[in-house]
Amino acid sequence: MADVVKQHGGAVTAFPKVRPVSVADVMEALKAGVSDFRTAPAIGLFFGAIYALGGMLIFATVFALDLGYLAYPLAAGSVLIGPFVAAGLYEVSREIEAGRRPSFSTVIRTALAQRSRELGWMAFVTIFAFIIWMYQVRLLLALFLGFASFASLQEFARVLFTTADGLSFLAVGHVIGAALALGLFSITVISFPLLMDRDLDVVTAMIVSVQAVLASPGPMILYGIIVVALLVIAVLPMFLGLLVALPVLGHATWHLYRRAIVPPAP
């Protein structure tokens, strides 16, 4: 498929070529992510703050509506939309890579310009996956715990961890959630930075992303586990850890993309 060309926007673009990555590549990408964050910390903190404030707002809303039992599923589901929030950080890494010092104006202008390109469709894919995630949580709640209401988050936790139905809900929910997360990770881990970097259609970008995961399943899944683990840890201190975790992972994803996709011919 490497020789196939795609028509997009009236131009002919070669189908991106995938190359295998190693665990060492994953570690180097993470180191490069830290380096990029240290080079442009203000921009990274800005995007991290957007993600963190969004999480805080969601939590405040569910507790205000006495829906505290949805707090954990919402926090877990928010990981699914992380790649979209980090889109502006890919531009920061690209600017640093080119030897330029990124500025807020350049990054924001580039991020806003993506609304009329295929990146908007990728945003739709991630949001749709988040909606599916929440629907399956509600379905599993109804199947295992009925439509009972819980007086408090503590009561919900007691039912979850001390009853057979609650433990079954946790087990099945995590298996289904892991499968959904793996599927979304496979179609987005490379596609977001690829769409920022090249003029391709969203379907091609998702195909290339899946190819990259299949070409190096071990290292890529390891990277996905690292991403989830760091985001979960970052959420624990009232989402404040996302101020650093999101930009570092956003930059790291750009560098992993550079290692996984062969640069276009000059």
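A: One may begin with how helices are assigned: a helix is a DSSP run of H or I with at least four residues, and helices are numbered from the N terminus. In this predicted model, helix 5 is followed by Gly99, whose phi is positive, near 85°.

Q: How many helices and strands does the protein chain have?

A: The protein chain contains 13 helices and two strands.

Q: Is helix 5 mostly covered or mostly uncovered?

A: A residue counts as buried when its relative accessible area is under 20%. Helix 5, residues 87-97, is mostly covered, with nine of its 11 residues buried. Among them are Leu89, Tyr90 and Val92, together with Glu91, Arg94 and Glu95. For the protein chain of 266 residues, buried residues make up 46%.

Q: Which residues form a nonpolar patch on the surface?

A: Trp121, Phe124, Phe128 and Ile132 form such a patch, and their accessible area together is about 450 Å². One of these residues, Phe128, lies in helix 7, which spans residues 119-145.

Q: Why does Phe128 count as partly exposed?

A: Partly exposed residues fall between the buried limit of 20% and the exposed limit of 50%. Phe128 has 47% relative accessibility and therefore counts as partly exposed.

Q: What do the accessible surface and the contacts of the protein chain come to?

A: The accessible surface of the protein chain is about 13,100 Å², and carbon and sulfur atoms account for 72% of that surface. Of the contacts between residues at least 6 apart in sequence, 76% join residues at least 24 apart.

Key
Residues are numbered from 1 along each chain as its sequence is written. This is a predicted model: local features need pLDDT of at least 70, side-chain atom pairs count only at pLDDT 80 or more; totals for chains, interfaces and linings use all residues. Side-chain values use heavy atoms; hydrogens and water are left out. Patches are made of residues with over 30% relative accessible area and no salt bridge: like charges are joined within 9 Å, nonpolar side chains (Val, Leu, Ile, Met, Phe, Trp, Tyr) within 5 Å. Accessible areas come from the Shrake-Rupley method with a 1.4 Å probe; for residues, only the protein chains shown count as cover. A salt bridge is a side-chain nitrogen of Lys or Arg within 4 Å of a carboxyl oxygen of Asp or Glu. Buried means under 20% relative accessible area, exposed over 50%, partly exposed in between (1.4 Å probe, protein chains only). Contact means heavy atoms within 4.5 Å.
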